[in-house]
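Biologist: I would like to learn how to read a model like this one, feature by feature. Could you walk me through it?

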Amino acid sequence: MTIIMKPRTLFQKVWDEHVVVEEPDRPAVLYIDLHLIHEVTSPQAFTGLRERGIGVRRPDKTIATMDHSTPTLPKALWVIDDQAKAQLGQLERNCKDFGIELYALGDSRNGIVHVIGPERGFTQPGKTIVCGDSHTSTHGAFGALAFGIGTSEVEHVLATQCLLQRKAKTLEVRVEGQLMPGVTAKDIILALCSKIGTGGGTGYVIEFTGSAIRALDMEGRMTVCNMSIEAGARAGMIGPDETTFAYLRGRDRVPQAADWDAAVERWTQLCTDEGAVFDKTVVIDANKLEPMITYGTNPGMGMQISDPMPTTARFEDASQRAAFEKAMGYMDLQPGQRLLGKKIDVVFIGSCTNSRISDLRMAAGVFSGRKVAQGVRTLVVPGSHDIKKQAEAEGLDQIFQEAGAEWREPGCSMCIAMNGDNLEPGQYAVSTSNRNFEGRQGKGGRTFLASPLTAAASAVKGEVTDPRSLLLS
Amino acid sequence: MAKFTRLTSYAVPLPEENVDTDQIIPARFLKVTDKHGLGDSLFCDWRYLKDGSNNPDFVLNEPASQGAQILLAGNNFGSGSSREHAPWALVGWGFRAIISTGFADIFQSNSLKNGLLPVQVSESVYKALMEAVQLDRSTEITIDLQTQTVTALDGLETTFPIDAFSKHCLLEGIDQLGYLLSFDDQISHHEQQRT
Ligand code: SF4
């Protein structure tokens, strides 16, 4: 007798593998393979454990890093405020007390949590990965089911290595075609956010498919999955393939030797089966994509860089119109105008979205032989020490510094502005990070989200600039 | 966790859509190592002026908002960062329930673990409530978790969805970690099978 298995999606396969208990009318108990923690969202979870007198079930499946409030100036100039210092100290103590491996500030392998997970090979296809941080979706680029959780859930995972989860619906985002020069992975995901809005993916796990996704390198795929959360989806996934395996091969924590071949064999089976059904599908034509930029105060308020901003009349719904007007007021922009040519004060190249070596190479390609415009502060912040070293070996740091940009130590930096790297009230920034919320990069600061190419081109011109105008010249 | 059964209160109207957790509690307040005292920083950048005094134009500072336990908010409330500091700050201020047409996923999950009830209503009910509350700030709204109903005004009654498990936990004040810990044997079994 042959058993015919129903075709399954990548998400369904990873889910099935990790369900410990599934009962009707109850959330499933889902096993977690990798738990990443950082200083900001973990202290209260450890307090909870101590109050209950319980330990960490699997310290061997838990990895800690310091990234959110860490300084990005060279060590000699470290300034940390007392509160941040206490929080970092607490993480160090918690890791020591509970036997958790910590990539502390100063460690040569330290970096942003979503950068070092893949870099060290902790992130692998088919794993369930969580972190008290919404951009955990980044790790889905490897075909893992990875999502952000709250601090109560951090405590749950520390205590039981499991989470109570309701199964999400599946959304296929199919991106077919070929990107034009000057258009990047960041533009794909900004285009999706503009298309479906910041709530469009709520309740879904996205799987990105199509030839344009297959053509991306791992770093581009991470950029795409990173911002799945900005479209409201908890997780974004991409089926593992040769590109995935080539990236992982030989990294610290991946299976070695014969185990490696067995792992690749297993990982190859994870891809969505022919005939599997998604709950919903959205299609994006990669051939038609242009560099994207946001104009408003959430990542869904984006457009092609050469377009004018919407006019108020375009919003029929009263509350949407009000939201648009409020955003325009905060950004101090005129509806219907173009952003191209808008003077800017700051450029930030970094964050878990765009701080990897290929992002830095893209930016350096634009800066090479050019200067940052007078009066524009440009920060380049690598995602990890590994990336910093690699960039310095390639001489990228020289290119940045000769252009007049600041080359910083790794960390979240101006993405979240907790560490003293921030915008001043009223300043405009082009940023490669993932959130343009009011005050996100500093109280009163105004953010335009864009790709590293667009950010670097804008730094050179001192105004919002289509990178293609520099790439072609 | 505090039990939630039935709540009658007037509401604070906040019609903005897509209110993200960076607005609910800005990142600079995330350097704390406990859950308490965040209520003072709730909606900080909207609530206080540059000199630190109350912004009289922000709804939370109006006398009619004081003591309210329900927040009536625009669609897709709580998007963005997964910080549980957001529900901690809302609860710290005194809110026990939020009524909206939609909630961001992680925010909803975090709220349910802190005795803060997300109540999702239809667009038309939301509009009716918002209009009534803005007209008369003393308008009372009753939320009954057992029957999953919202009642207000003369004859407005509607139901709201909540999964059976979260409802049970809220009604009984059960904490979810205790429940998870009861699966210790099954978890061990799963671990053995997979290695
Ligand atoms: S870089 Fe920004 S988005 Fe990424 S983990 Fe750090 S703060 Fe969060």
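Predicted model: local features only at pLDDT ≥ 70, side-chain atom pairs only at ≥ 80, totals over all residues.

Biologist: Let me try another loop residue. Where does Ala276(A) lie, and is it buried or exposed?

Modeller: Ala276(A) lies in the loop between α10 (257-268) and β12 (280-285) of chain A. Its relative accessible area is 15%, so it is buried. Apart from residues up to four places away in sequence, Ala276(A) touches Pro7(A), Arg8(A) and Thr9(A).

Biologist: Now polar contacts. Which side chain makes a polar contact with the side chain of Ser358(A)?

Modeller: That partner is Glu219(A), at 2.5 Å. Ser358(A) belongs to helix α12 (residues 357-367) of chain A and is buried, at a relative accessible area of 14%. Once its neighbours within four places in sequence are set aside, Ser358(A) is in contact with Asp217(A) and Glu219(A).

Biologist: What does the side chain of Asn436(A) reach?

Modeller: The side chain of Asn436(A) reaches the backbone oxygen of Gly296(A) at 3.1 Å. A polar contact of 3.2 Å also joins the side chains of Asn436(A) and Thr294(A). Asn436(A) sits in the loop between β18 (428-431) and β19 (446-449) of chain A, and its relative accessibility of 1% makes it count as buried. Residues up to four places away aside, Asn436(A) touches several others, among them Thr297(A), Asn298(A), Pro299(A), Thr447(A) and Leu449(A).

Biologist: And chain B? Which residues is Asn110(B) in contact with, leaving aside its neighbours within four places in sequence?

Modeller: The contacts of Asn110(B) reach into both chains: Gly150(A) and Glu153(A), together with Ser82(B), Arg83(B), Glu84(B) and Pro87(B). The side chain of Asn110(B) reaches the backbone nitrogen of Gly150(A) at 3.5 Å. Asn110(B) lies in helix α4 (residues 105-112) of chain B and counts as buried, at 1% relative accessibility. Its C-alpha is 8.2 Å from that of Ser82(B), which is 28 residues away along the chain.

Biologist: What should I look for in phi?

Modeller: Most residues other than glycine have a negative phi. Ala417(A) is not a glycine, yet its phi is positive, about 55°. Ala417(A) is in the loop between β17 (406-407) and β18 of chain A and counts as buried at 16% relative accessibility. In chain B, Gln148(B) also has a positive phi, near 55°. Gln148(B) belongs to the loop between β5 (140-144) and β6 (149-152) of chain B, and at 19% relative accessibility it counts as buried.

Biologist: To finish, where does the ligand sit, and which residues are around it?

Modeller: The ligand sits in the largest cavity. Around the ligand are His68(A), Ile112(A), His114(A), Asp133(A), His135(A), Ser351(A), Cys352(A), Cys412(A), Cys415(A), Ile416(A), Asn434(A) and Arg440(A). This shell divides into 5 nonpolar, 5 polar and 2 charged residues.

Definitions and conventions. Residues numbered from 1 in each chain as written. Chains lettered and ligands numbered in written order. Heavy atoms only, no water. Helix = DSSP H or I, 4+ residues; strand = E, 2+ residues; numbered from the N terminus. Buried < 20%, exposed > 50% of the residue type's maximum accessible area, 1.4 Å probe, protein only. Contact = heavy atoms within 4.5 Å. Polar contact = N/O pair within 3.5 Å; in protein donor to acceptor, adjacent residues only side chain to side chain. Near = heavy atom within 4 Å. 1 Å grid on protein atoms, 1.4 Å probe; cavity = no way out; pocket = protein on both sides within 12 Å on 5 of 7 lines; lining within 4 Å. Sits in = over half its atoms within 2 Å of the grid points. Nonpolar A, V, L, I, M, F, W, Y, C, P; charged D, E, K, R; others polar.
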